[in-house]
Amino acid sequence: MKHARHPVAGASLAVYEEGVGMPFVFQHGLCGDQAQPGQVFPADVGFRRITVECRGHGVSEVGAKAALSIATFAADIADYLAAQGSGPAVVGGISMGAAIALRLAVRQPERVRALVIARPAWICDANPANMAPNRIVGELLDHYPIQEARRRFEALPLVKELERDAPDNLASIRGFFNREPIDVTAALLRAISMDGPDVTEAEVSAITVPTLVIGHGRDLVHPIGHARALAGMIPAARLVEITPKADDADAYRADFRAVLSSLLREL
């Protein structure tokens with residue numbers, strides 16, 4: 001895997017590439033890094049995966065001149081693509097990465113050859129209710145020492161709901177309490193959870209490129225209804241529901257790779 005740096009206003013971002021072929025910009029989720037899309041990227045499909053770790057994620061810098069927002073992260077991706085001087089790329093992402101990809105497809109359609117929206121946590125609106133668990137953790141980390149923040153979180157009725165209906169979400173959320181640096185984690189959880197792709201239903205409905213929407217059940221942070229709604233808005237979209245990560249993580253990854261491989265081989 002290749003690793004490089006990309007300078008943007010006020011920050012230096014880490015860029016990872018694997019595979020050979022046409023570019024597929026594949027973005028990670030909130031508080032994730034390049035390993036997340038790497039786990040589900042299919043080999044030998046004639047595409048190379050490019051993941052630009054967003055500000056404050058992985059080993060990318062936070063920077064001081066831009067807000068932590070989906071708009072900023074999308075602009076950083078557009079800046080990277082412009083610097084490469086190549087034609088349109090397949091653009092996609094998981095969770096927050098899906099929102100970044102959706103914004104790029106709406107705001108800079110000339111850069112997007114095809115679109116992959118996986119486990120979307122947003123449709124169009126900012127501050128969706130499903131992102132409240134992440135926002136709550138960000139607020140607790142901002143106001144209390146780590147152990148007290150964790151204790152207060154575990155006492156919430158929300159934890160029982162997540163244990164019952166979305167244990168994979170709960171495992172990820174508990175991991176935020178160990179993610180360093182804690183101040184950056186808190187800032188990301190607060191800012192991004194209350195943010196959105198800042199697109200309208202009419203703009204999403206105008207997307208014309210081939211689009212794959214991936215979703216699954218047993219996920220309260222990434223409701224299957226969001227995937228269905230987006231697939232219903234985009235004329236050229238295909239919705240595929242895969243094995244829930246909470247049921248079988250290996251099957252989830254295998255399903256993800258299979259449906260992604262099918263799309264990429266058709267392009």
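Hi everyone, this is a short tour of a few local features in this structure. Please keep in mind that we are looking at a predicted model.

Let's begin with empty space. Rolling a probe the size of a water molecule over the atoms shows where empty space is left. Here there is one cavity of 30 Å³ or more, and the largest cavity holds about 40 Å³ of space. Its lining is made up of Gln36, Gln39, Val40, Arg119, Lys245, Tyr252 and Arg253. By type, that lining splits into three charged, two polar and two nonpolar residues.

Next, the cysteines. How many disulfides does the structure hold? The count is zero. Take cysteine 31: the closest cysteine sulfur, in cysteine 54, is 11 Å away, which is too far for a bond. For cysteine 124, the closest cysteine sulfur is again in cysteine 54, and at 20 Å that is too far as well. Cysteine 124 is buried, because its relative accessibility is 9%. Cysteine 31 is buried too, with a relative accessible area of 14%.

Let's stay with cysteine 31 and turn to the backbone. Cysteine 31 sits in the loop between strand E3 (22-27) and helix H1 (35-38), and its phi is positive, about 65°, although it is not a glycine. Serine 95 also has a positive phi, near 60°. You'll find serine 95 in the loop between strand E5 (89-94) and helix H3 (96-107), and it is buried at 9% relative accessible area.

One last stop: where is proline 181? Look in the loop between helix H7 (167-175) and helix H8 (182-193). The peptide bond leading from glutamate 180 into proline 181 is cis, with omega near -5°.

Technical notes. Residues are numbered from 1 along each chain as its sequence is written. This is a predicted model: local features need pLDDT of at least 70, side-chain atom pairs count only at pLDDT 80 or more; totals for chains, interfaces and linings use all residues. Side-chain values use heavy atoms; hydrogens and water are left out. On a 1 Å grid over the protein atoms alone, a cavity is a set of points where a 1.4 Å probe fits but cannot get out, and a pocket is an open set with protein on both sides within 12 Å along at least five of seven lines; lining residues have an atom within 4 Å of a point. Grid points are joined across faces, edges and corners, and a volume is the space filled by probe spheres set on the points. Ala, Val, Leu, Ile, Met, Phe, Trp, Tyr, Cys and Pro count as nonpolar, Asp, Glu, Lys and Arg as charged, and the others, Gly among them, as polar. A disulfide is a pair of cysteine sulfur atoms within 2.5 Å. Buried means under 20% relative accessible area, exposed over 50%, partly exposed in between (1.4 Å probe, protein chains only). Helices (H or I, at least four residues) and strands (E, at least two) are DSSP runs, numbered from the N terminus.
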